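Me: I'd like to learn how to read charged side chains in a model. Could you walk me through this one?

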Amino acid sequence: MVTGTRVADSSVDLREPLALLFATLGLRSDSEDRAMYWRGRALCADEDPELWFPVGTTSTATADAVLAKNICRRCTVSQSCLERAEETGALHGISGGLDTGERRRLKARTHSRTAR
């Protein structure tokens, strides 16, 4: 029984209705929030997102990539960022301090080690 904003019967399981509500509203569940918690602590959160998506090989694009990678190197959650890029198959941009080619080579090296 619900009285005001409190649940009087503690045996009532509200997880399923809340999950349905979250899905209907396009919100994430608690487990998804915990999995993405690192994003709020990322140093890039306060930077221009375009730094992480340099286009071409111009001196400006190269400078942006170097700046983004330097920010990633100082970031305490860069490993989580790199793992997220791997999980989602991110095809573009810098994630966890690595550009697309570097992530591809890392994945190939990791795959070849586990295949042995």
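Reply: Gladly! A salt bridge is a side-chain nitrogen of Lys or Arg within 4 Å of a carboxyl oxygen of Asp or Glu. Keep in mind that this is a predicted model. Here K107 pairs with E86, with 3.8 Å between the closest N and O atoms.

Me: How many salt bridges does the rule give?

Reply: The count comes to three. K69 bridges to D99, the closest N and O atoms being 3.2 Å apart. This pair spans 30 residues, from helix 3 to the loop between helix 4 (78-88) and helix 5. K69 also meets E102 in a salt bridge at 3.0 Å, N to O, joining helix 3 to helix 5. Together, K69, D99 and E102 form a network of salt bridges.

Me: Is K69 buried or exposed?

Reply: Buried means under 20% relative accessible area. K69 has 13%, so K69 is buried.

Me: Which residues form the charged surface patches?

Reply: D46, E47, D48 and E50 make up a negative patch. E50 belongs to the loop between helix 2 (30-36) and helix 3 (59-74), and counts as exposed because its relative accessibility is 60%. R104, R105, R109 and R113 form a positive patch. R113 is in helix 5 (residues 100-115) and, at 56% relative accessibility, is exposed too.

Note on methods. Residues are numbered from 1 along each chain as its sequence is written. This is a predicted model: local features need pLDDT of at least 70, side-chain atom pairs count only at pLDDT 80 or more; totals for chains, interfaces and linings use all residues. Side-chain values use heavy atoms; hydrogens and water are left out. Patches are made of residues with over 30% relative accessible area and no salt bridge: like charges are joined within 9 Å, nonpolar side chains (Val, Leu, Ile, Met, Phe, Trp, Tyr) within 5 Å. Accessible areas come from the Shrake-Rupley method with a 1.4 Å probe; for residues, only the protein chains shown count as cover. Lys and Arg count as positive and Asp and Glu as negative; His and the chain ends are not counted. The place of a charge is taken as NZ of Lys, CZ of Arg, CG of Asp or CD of Glu. Helices (H or I, at least four residues) and strands (E, at least two) are DSSP runs, numbered from the N terminus. Buried means under 20% relative accessible area, exposed over 50%, partly exposed in between (1.4 Å probe, protein chains only).
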